[in-house]
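Please open the model in your viewer, show it as a cartoon, and keep the selection tool at hand. The stops below are meant to be taken in order.

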Amino acid sequence: MFETVADVRAGHLDLHGEVKPLLVIHGGAGVERAGMTPQIEAQARAALELALRQGYAALKAGKPALDGVTAAITVLEDDPLFNAGRGAVFTHDGKNELDASIMDGSTLAAGAVAGVHRVRNPVLLARAVMEHSPHVMMVGAGAERFAVEQGFKLVDPGYFRTEKRWQELQKARKDDATGEKLGARLAALRHFGTVGALARDSEGRLAAATSTGGMTDKRYGRVGDSPIVGAGTYANVACAASGTGWGEFYIRVSAAREICLRMAMLKESARQAGQAVINEEIPQLGGDGGAIILAANGSVAMPFNTQGMYRGWIGADGVPHVAIYSDDPLQMP
């Protein structure tokens with residue numbers, strides 16, 4: 001029988017079990033110093049810290065891992081800095097198309113949405129698909145109709161418009177018009193900006209979730225790895241993973257699930273599995289990006305092969321630990 005322990009500190013009641021909660025997040029790989037300013041860096045660090053605190057507060061209160069990941073991701077979806085929710089990039093036709101997925105590692109239940117235009121927090125709708133429907137994925141107008149049935153208040157598509165993302169589209173359209181083929185680095189940059197979160201709750205359960213606005217200038221209803229369970233998001237009893245990068249390649253290798261299978265079947269550590277999939281297998285195919293990985297024992301890996309990846313974690317000390325660039329010092333759990 002599992003026993004819940006309660007602590008009272010300064011008048012606050014904390015419910016927890018025998019396992020120390022842990023939360024890991026990313027705000028997207030592909031960060032480049034050339035496009036950064038001290039102001040953007042400060043904004044990014046503050047947003048990551050807020051997401052970590054909000055998610056950890058749920059875990060510390062004894063809530064399940066699913067609550068931890070959704071609390072963290074909604075913060076990032078609401079921040080226009082990240083390519084998810086309000087900061088989503090534009091398609092070639094000048095629209096914002098949002099994707100998200102979530103998975104409960106203790107039950108293998110999962111939910112996902114793709115190509116929605118009016119859902120403020122797609123990760124919450126993905127969870128509703130998981131918990132209140134017999135399906136795993138819903139797309140487009142059907143997903144939004146389901147959202148209304150579930151009590152979601154749809155927002156005007158203009159809510160997602162930001163000038164920064166609009167100008168990124170204009171530049172991409174200009175590149176298209178010249179007919180000049182983009183170099184590998186510039187092509188890859190259009191695919192970055194996903195946000196994700198992993199959590200271990202006080203009962204040792206794992207959960208993973210990922211949310212994105214897709215890729216700048218995408219056409220034809222393209223969908224990447226973020227809403228695909230096993231590609232951009234995966235969790236089981238031993239491992240949770242969320243990816244960020246060139247989605248077509250993550251889909252081809254079922255990246256998130258492969259990481260967890262390597263850990264379960266080959267007994268690789270989170271670091272070893274992440275290195276093999278993110279820094280070896282995907283680049284060999286021509287893709288790049290990053291991921292966050294959380295093992296049931298609390299070990300964490302954050303592999304990426306770009307100049308930077310917004311990332312962070314929070315654990316028993318209650319202090320957010322965040323980093324942006326590859327050479328940033330980051331103490332690991």
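**First stop: strand β4**

Select residues 98–104, strand β4, where 7 of the 7 residues are buried, so that this strand is largely enclosed by the rest of the structure; buried means under 20% relative accessible area, exposed over 50%, and partly exposed in between, with a 1.4 Å probe and protein chains only. Strands (E, at least two residues) and helices (H or I, at least four) are DSSP runs, numbered from the N terminus. This is a predicted model, in which local features need pLDDT of at least 70 and side-chain atom pairs count only at pLDDT 80 or more, while totals for chains, interfaces and linings use all residues. Residues are numbered from 1 along each chain as its sequence is written, and side-chain values use heavy atoms, with hydrogens and water left out.

In a regular strand the side chains alternate between the two faces of the sheet. In β4, Leu-98, Ala-100, Ile-102 and Asp-104 lie on one side and Asp-99, Ser-101 and Met-103 on the other, and both faces are covered, with all of these residues buried.

Strand β5 (residues 109–116) runs antiparallel to β4 and is joined to it by 6 bridges, and two strands are taken to pair if DSSP finds at least two bridges between them. Within this pair, Ile-102 stands opposite Gly-111 of β5. Strand β8 (residues 206–212) also pairs with β4 in the antiparallel sense, over 6 bridges, and there Asp-104 stands opposite Ala-207.

Which residue in the turn of the β4–β5 hairpin has a positive phi? Select Leu-108: the hairpin has 4 residues between its strands, and Leu-108 in that turn has a phi of about 65°, although Leu-108 is not a glycine. With a relative accessible area of 47%, Leu-108 is partly exposed.

Contact here means heavy atoms within 4.5 Å, and axes are lines fitted to C-alpha atoms, for helices over the stretch in contact, with angles from 0 to 180 degrees between N-to-C directions.

Two packed helices are described by the angle between their axes and the distance between the axes. Select α1 (residues 38–60) together with α2 (residues 65–78), whose axes come within 8 Å and cross at roughly 155°. That makes α1 roughly antiparallel to α2, a description used for angles over 145 degrees, whereas those under 35 count as roughly parallel, 65 to 115 as roughly perpendicular and the rest as oblique. Among the residues that make the contact are Leu-48, Ala-51 and Leu-59 of α1, and Ala-72, Val-75 and Leu-76 of α2.

Move on to the open sheet ordered β9-β10-β11-β12, in which 4 strands pair in the antiparallel sense. Its edge strands are β9 (233–235) and β12 (300–301), each pairing on one side only. Strand β11 (residues 289–295) is joined to β12 by 2 bridges, and the partner of Ile-293 in β12 is Ala-301.

Helix α8 (residues 255–265) lies across β9, β10 (239–245) and β11, at about 145° to β10, while helix α9 (residues 270–285) lies across β11 and β12, at about 155° to β11. The buried residues of α8 include Ile-259, Cys-260 and Met-263, and their cover includes β9, β10, α7 (247–252), α9 and β11.

Finish at Gly-286, in the loop between α9 and β11. Gly-286 touches Trp-246 and Phe-249, not counting residues up to four places away in sequence, and counts as partly exposed at 44% relative accessibility.
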